[in-house]
Amino acid sequence: MVRQYDLRQRFQWLLPPAPVWHNPAETQVTAPLGRWNLYIGSAGAHAPGYVNLDLFPLANVDVAANAEALPFANNQFQRVECDAVLEHAEFPEKIMREIERVLAPGGFAHIVVPFCHPYHAYPTDFRRYTPDGLLQLKGNLEVIAQGWRTGPTSTLLVTLLEYAKLWMPNKALRGLTHVTLGWLLFPLRYLDAILLKKPTAHILGNHHYLWLRKP
Ligand SMILES: C[S@@+](CC[C@H](N)C(=O)[O-])C[C@H]1O[C@@H](n2cnc3c(N)ncnc32)[C@H](O)[C@@H]1O
């Protein structure tokens with residue numbers, strides 16, 4: 001039997017580009033990696049230069065642990081990445097305090113969370129954050145930069161794709177809908193290059209980021 005991930009790999013060329021455009025401002029922050037860096041919640045992706053930690057022992061994961069209690073000493077990491085994880089954690093405040101604890105003085109944390117985004121369980125999905133709500137979790141860390149990674153058009157396109165799939169009676173048709181609609185819609189993602197310049201973009205923003213520094 002051909003397994004699902006084999007099929008996905010074999011037909012990867014068919015998959016449409018993501019329906020989201022990433023704001024380049026997010027990566028224009030100077031936050032160099034150090035000798036030790038931590039990537040929380042990679043979902044099995046490669047994270048070169050980082051200790052790769054996830055709740056589950058997936059591919060490429062070095063440490064399987066709950067980030068609410070990181071198995072590391074204080075002041076150990078120069079950089080901590082926590083991208084699309086807080087919404088899946090039972091106690092996100094604990095993760096933020098653990099990030100603060102394990103960061104070395106002068107070290108940087110990069111946090112990303114969704115605002116307007118469909119339900120997605122990894123393995124659960126508890127909440128969404130406004131930028132104000134995310135700031136409430138910063139503790140004693142200093143804000144270096146805050147902004148939108150993906151904007152209102154991303155919100156519209158990911159929602160439209162999920163909406164269309166809701167009408168499909170089985171997995172095969174949902175997959176076909178994802179591929180066909182995905183190819184048709186993805187060019188619209190570039191509209192966010194315009195919309196993200198508007199001060200009102202936050203009303204329908206998709207994912208936002210926060211760069212923090214430990215004093
Ligand atoms: C949505 S995926 C994010 C994947 C990746 N960071 C990205 O942006 O593409 C969320 C990941 O966080 C992990 N995760 C969820 N809760 C966690 C926790 N309390 N501690 C560590 N990892 C967690 C999940 O297992 C999953 O791999």
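A polar contact here is a pair of N or O atoms within 3.5 Å; within protein, one must be able to donate a hydrogen and the other to accept it, and residues adjacent in sequence count only if both atoms are side-chain atoms. With that in hand, you can look at the ligand: one of its nitrogen atoms is 3.2 Å from a polar backbone atom of L55. Please keep in mind that this is a predicted model, in which local features need pLDDT of at least 70 and side-chain atom pairs count only at pLDDT 80 or more, while totals for chains, interfaces and linings use all residues. Residues are numbered from 1 along each chain as its sequence is written, and side-chain values use heavy atoms, with hydrogens and water left out.

**The ligand and its surroundings**

- The ligand has 14 residues around it, and G41, D54, N66, A67 and D83 come nearest (a residue is near a molecule or strand if one of its heavy atoms lies within 4 Å of it).
- In the side chain of N66, an N or O atom is 2.8 Å from a nitrogen atom of the ligand.
- At A67, a polar backbone atom lies 2.9 Å from a nitrogen atom of the ligand.
- On its own the ligand has 600 Å² of accessible area, and the protein covers 86% of that (areas come from the Shrake-Rupley method with a 1.4 Å probe; for residues, only the protein chains shown count as cover).
- The shell around the ligand is made up of 9 nonpolar, 3 polar and 2 charged residues.

- An open sheet of 7 strands runs in the order 3-2-1-4-5-7-6, with mixed pairing. Strands (E, at least two residues) and helices (H or I, at least four) are DSSP runs numbered from the N terminus, and two strands pair if DSSP finds at least two bridges between them.
- Strand 3 and strand 6 (142–150) stand at the edges with a single partner strand each, so one side of each has no neighbour in the sheet.
- Strands of a sheet pair through backbone hydrogen bonds, either parallel or antiparallel.
- Strand 2 and strand 3 run parallel and are joined by 2 bridges; here L53 stands opposite V63 in strand 3.
- Strand 1 and strand 4 also run parallel, joined by 4 bridges, and I40 stands opposite C82 in strand 4.
- On to strand 5: strand 4 pairs with it in the parallel sense over 6 bridges, and the bridge partner of C82 in strand 5 is I111.
- Strand 4 (residues 77–83) is mostly covered, with 6 of its 7 residues buried. Buried means under 20% relative accessible area, exposed over 50%, and partly exposed in between (1.4 Å probe, protein chains only).

**Helix 2 against the sheet**

- Helix 2 (residues 92–102) has P92, I95, M96, E98, I99, E100 and V102 buried.
- Those buried residues of helix 2 pack against strand 1, strand 4, strand 5 and strand 7 (207–213).

**Backbone details in the loops**

- A43 is not a glycine, yet has a positive phi of about 60°. A43 sits in the loop between strand 1 (37–40) and strand 2 (51–54), and counts as partly exposed because its relative accessibility is 49%.
- N60 likewise has a positive phi, of about 70°, although it is not a glycine. N60 is in the loop between strand 2 and strand 3 (63–64), and its relative accessible area of 34% makes it partly exposed.
- A cis peptide bond leads from Y122 to P123, with omega near -5°. P123 belongs to the loop between strand 5 (103–114) and helix 3 (131–135).

**C116 and T155**

- C116 lies in the loop between strand 5 and helix 3 and is buried, with a relative accessible area of 18%.
- Not counting residues up to four places away in sequence, C116 touches T155, I203, L204, G205 and N206 (contact means heavy atoms within 4.5 Å).
- T155, in helix 4 (residues 152–166), is buried at 8% relative accessibility.
- Leaving aside neighbours within four places in sequence, T155 is in contact with C116, L204, G205 and N206.
- The C-alpha atoms of C116 and L160 are separated by 13 Å, and these residues are 44 apart along the chain.

Key: Ala, Val, Leu, Ile, Met, Phe, Trp, Tyr, Cys and Pro count as nonpolar, Asp, Glu, Lys and Arg as charged, and the others, Gly among them, as polar.
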